[in-house]
Amino acid sequence: MKTIPIICLIFVVSLFSCEKKATIVGLWVVHSVVVGEEEMTPNSRWTRFNSDLSHESGNGRYQHSYGTWKLNSNTNELTVQNTNGLDDANEPFVVTINDNEMIWERTEEEQNIKVNLMRSSHLPETYGDRILGLWSLEEIVGDGRYFDESAKNETNEYIFFRWDKRFVIESEKGRINGVYNVHGHKPEVELIPYGNELKRDFWKIQFGDNQIRLQLLNSDTTVKRTFKRIRKFPD
């Protein structure tokens, strides 16, 4: 007679465990996006599904979307509406959840879309998050528009990437202000100086331990600038 309650208890615990693993509620980070035969994974994209059927999405520490979600338990079809975005004209995603992994699949413009997401306890960092802050010039290779190769960092030269997407350069060539854009899929930054004297250019970012190296792209010669992170402006 005592075995029946025990069996029921085991069944309830197992059912609760399965439901917990299968829930969509929580923070998910996009691991990969495949469109047809091409991988098009955005940098540090995430989405959070809340138990009240609301959601937020963003890249890194920047949240850019919010709205509501609905998951059909019979068909496993996920519908996401962005309150501050455009209507999704495509069919809902078919969702598969396995422990801490989730897969979305559907067809867009006759191409198969597969999105792989991983459950996370914290927001990821984008390249734009990592480049933020004040950086002191350490090494110069090649002639370029910013910093004089002959100066060799004797005048406390620096570049400051501000949170509002503006940058400030202080060098032997004077002070340069402008705006910058970090690529959404790869470690590249575009510098757009104010005024007509300097044109915009593109730099590949290499990250180190409290260090970044910028290498000028689309250049016939090698142009590199290496910086270390500092936390106060040079005197």
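## Strands β15 and β16 and their neighbour

Strand β15 and strand β16, the latter made of residues 211-216, run antiparallel to each other and are joined over 6 bridges. Within this pairing, Ile205 has Leu214 of β16 standing opposite. The two strands form a hairpin with 2 residues between them, and in the turn Asn210 has a positive phi of about 55°.

Strand β15, which covers residues 201-208, also pairs with strand β14, residues 188-193, again in the antiparallel sense and over 4 bridges. One of the positions in that pairing is Glu188, whose bridge partner in β15 is Lys204.

## The model and its confidence

This structure is a predicted model, and its chain has an average pLDDT of 88, with 88% of the residues scoring at least 70.

Where pLDDT is low, the predicted coordinates should not be read in detail.

## The chain as a whole

The chain contains 2 helices and 17 strands. It has 235 residues, of which 35% count as buried.

## Strand β10 and its two partners

Strand β10, formed by residues 133-141, pairs with two other strands considered here, β11 and β17. With strand β11, residues 158-161, the pairing is antiparallel and extends over 4 bridges; in it, Trp135 has Ile159 of β11 as its bridge partner.

With strand β17, residues 224-230, strand β10 is again paired in the antiparallel sense, here over 7 bridges. In this pairing Val141 stands opposite Lys224 of β17.

## The enclosed cavity

How many cavities of 30 Å³ or more does the model have? The count comes to 1 cavity, and the volume of the largest cavity is about 40 Å³.

The lining of the largest cavity consists of Tyr146, Phe147, Ile159, Ile169, Leu191, Trp203, Leu214, Arg225 and Phe227. Several of these residues belong to the pairings described above: Ile159 is the bridge partner of Trp135, and Leu214 stands opposite Ile205. By class, the lining of the largest cavity has 8 nonpolar residues, no polar ones and 1 charged residue.

## The largest pocket

The largest pocket has a volume of about 840 Å³. Its lining is made up of 31 residues, and those nearest the centre of the pocket are Arg45, Asp88, Phe93, Trp104 and Arg106. These lining residues divide into 16 nonpolar, 9 polar and 6 charged.

Which strands supply at least two residues each to the lining of the largest pocket? They are β1 (26-35), β3, β4 (54-59), β6 (77-82), β8 (101-108) and β9 (111-119).

By class, the lining of the second largest pocket has 7 nonpolar, 7 polar and 3 charged residues.

## Met40 in its loop

Met40 has its place in the loop between β2, residues 38-39, and β3. Is Met40 buried, partly exposed or exposed? With a relative accessible area of 38%, Met40 is partly exposed, because this value falls between the 20% under which a residue is buried and the 50% over which a residue is exposed.

When neighbours within four places in sequence are left aside, Met40 is in contact with Val33, Val35 and His185. Met40 and Val115 are 75 residues apart in sequence, and their C-alpha atoms are 9.8 Å apart in space.

Conventions
Residues are numbered from 1 along each chain as its sequence is written. This is a predicted model: local features need pLDDT of at least 70, side-chain atom pairs count only at pLDDT 80 or more; totals for chains, interfaces and linings use all residues. Side-chain values use heavy atoms; hydrogens and water are left out. On a 1 Å grid over the protein atoms alone, a cavity is a set of points where a 1.4 Å probe fits but cannot get out, and a pocket is an open set with protein on both sides within 12 Å along at least five of seven lines; lining residues have an atom within 4 Å of a point. Grid points are joined across faces, edges and corners, and a volume is the space filled by probe spheres set on the points. Ala, Val, Leu, Ile, Met, Phe, Trp, Tyr, Cys and Pro count as nonpolar, Asp, Glu, Lys and Arg as charged, and the others, Gly among them, as polar. pLDDT is the predictor's confidence in each residue, from 0 to 100. Two strands pair if DSSP finds at least two bridges between them. Buried means under 20% relative accessible area, exposed over 50%, partly exposed in between (1.4 Å probe, protein chains only). Contact means heavy atoms within 4.5 Å.
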